Structures are given as C-alpha cells and as structure tokens.
Amino acid sequence: MNEVKEALRNIKQNYKLFLQQQFTFIGALQHSRENAHDMIRPVASISQVQSYMEHHCNNSTDRRILNMFLNICNDLSKLCQKLETVHSGNNITNGILERCKLLLSHSNDLSTIRAKYPHDVVNHLSCDEAKNHYGGVVSLIPIVLDCMKEWVAHIEKLPQPMLYD
C-alpha cells in the first residue's frame, strides 16, 4: 500500500509541474490542431493527443508538453493496474477503478467531462476553449487523481486482513 501511495505522490508531483505549464499545453494543442487542419472537433481523447504529437507537432516545446501529458496518463494507467493487484476489491473500489480505466482508455471521449471545484484548470481557459475544445482533456488528470485518492481512502477503511487477498 505504501508503494501505491508513493506512486500516487510522484504522479501528483509531475502533474503539478504540468499544471504550471497549462498554457503551453493548450498552445501545443492549438498548434497541432492547426497543422492537422482539425480546428472544428474538440480534443476529445488521449489517442487524439498522441496522434497530434506523433504526426502534427513541429517544435520540441510542444512535443515535450504533449509527451508530459501522455506520460502522466500512462503512469495513471499503470497505477490502476497496480491497484487491481494490491486489493481484490469490493463493489465500491472496483467501481472507482473501472471509472479510472474508462477515463484513461485511449479512445474514450473526454469532450463532456469537466473538473469541478477545487480544481480550476477549466477556469484558466477562455469560455470558447472550455466549452468547445479543451475542457475535457485538461479535466482528465485531476478527475482521475481524485478517483485514485478516493480508492485509497476506501481501502484504508477496510479491515486489515482484506487488504492483501
């Protein structure tokens, strides 16, 4: 369990660095969308960000920040897999993990998700950007981190013998 908490702490640290560069991330997505001639659709999935980075990214700064986002998503996916092995789960914890796995699925449509208070990632976007283009993709990581914190909280409430089935 300590290993899980440590991995979650490391991901949160990486996310804090990423969050400081949110405008760079939005700029990179904007440049990539322009290069892909894809200005109408919202950025709606992890695979879309991956495609932008691999095929439509022209500079190292944009590539670095898109890669940072993808690495955090990948770390969260690995942590989901680790959580499944740490605990066989109950209805609540299994439900939380399934939600995380669905959100982190590369083809999942993120266009309608939005991080809520206390996360202000969406507030940093213009109304048009938040409603139409990037609100879901910037909301993904904080929502999954909240789910993982909730998972840990539920696990810690369980009697000790259930922890390592």
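**Fold, packing and core**

Guide: In this predicted model, 71% of the contacts in the chain between residues at least 6 apart in sequence join residues at least 24 apart.

Visitor: How many helices and how many strands does the chain have?
Guide: Read along the sequence, the chain follows the pattern α-α-α-α-α-α-α, and buried residues make up 44% of its 165 residues. The count that goes with this pattern is 7 helices and 0 strands.

Visitor: Is H1 roughly parallel or roughly antiparallel to H4?
Guide: The axes of H1 and H4 lie 10 Å apart, and the two helices pack at an angle of about 165 degrees. Because angles over 145 degrees count as roughly antiparallel, H1 is, relative to H4, roughly antiparallel.

Visitor: Which residues of H1 make the contact with H4?
Guide: H1 passes H4 in a left-handed crossing. On the H4 side the contact involves residues including Ile65, Phe69, Ile72, Leu76 and Leu83. On the H1 side it is made by Glu3, Val4, Ala7, Leu8, Ile11, Asn14, Tyr15, Leu17 and Phe18.

Visitor: Is the aromatic pair of Phe18 and Phe25 stacked or edge-to-face?
Guide: A pair of aromatic rings is described by the distance of the centres and the angle of the planes. There are 4 aromatic pairs by this rule, and in the one formed by Phe18 and Phe25 the centres are 4.9 Å apart, with 65 degrees between the planes. Both residues, Phe18 and Phe25, are buried. Since planes over 60 degrees apart fall in that class, the pair is edge-to-face.

Visitor: Which residues do ring pairs link into a cluster?
Guide: Phe18 and Phe25, paired with each other, both belong to this cluster. Its members, taken together, are Tyr15, Phe18, Phe25 and Phe69.

Visitor: Which residues touch the most other members of the largest nonpolar core?
Guide: In soluble globular proteins, nonpolar side chains tend to be buried together. Here the largest nonpolar core holds 50 residues, and the elements that give two or more residues to it are helices H1, H2, H3, H4, H5 and H7. Leu140, one of the residues asked for, touches Ile46, Phe69, Cys73, Leu103, Leu104, Leu110 and Ile113, not counting residues up to four places away in sequence.

Visitor: Is Thr93 buried or exposed?
Guide: Thr93 lies in helix H5 and, leaving aside neighbours within four places in sequence, is in contact with His87, Trp151, His154 and Ile155. Its relative accessible area is 1%, and because buried means under 20%, Thr93 is buried.

Conventions
Residues numbered from 1 in each chain as written. Predicted model: local features only at pLDDT ≥ 70, side-chain atom pairs only at ≥ 80, totals over all residues. Heavy atoms only, no water. Phe/Tyr/Trp six-rings, centres within 6.5 Å; stacked < 30°, edge-to-face > 60°. Buried < 20%, exposed > 50% of the residue type's maximum accessible area, 1.4 Å probe, protein only. Core = buried A, V, L, I, M, F, W, Y, C linked by side-chain atoms within 4.5 Å. Helix = DSSP H or I, 4+ residues; strand = E, 2+ residues; numbered from the N terminus. Contact = heavy atoms within 4.5 Å. Axes fitted to C-alpha atoms, helices over the stretch in contact; angles between N-to-C directions. Parallel < 35°, antiparallel > 145°, perpendicular 65-115°, else oblique. Left-handed = near helix turned anticlockwise from the far one by under 90°.
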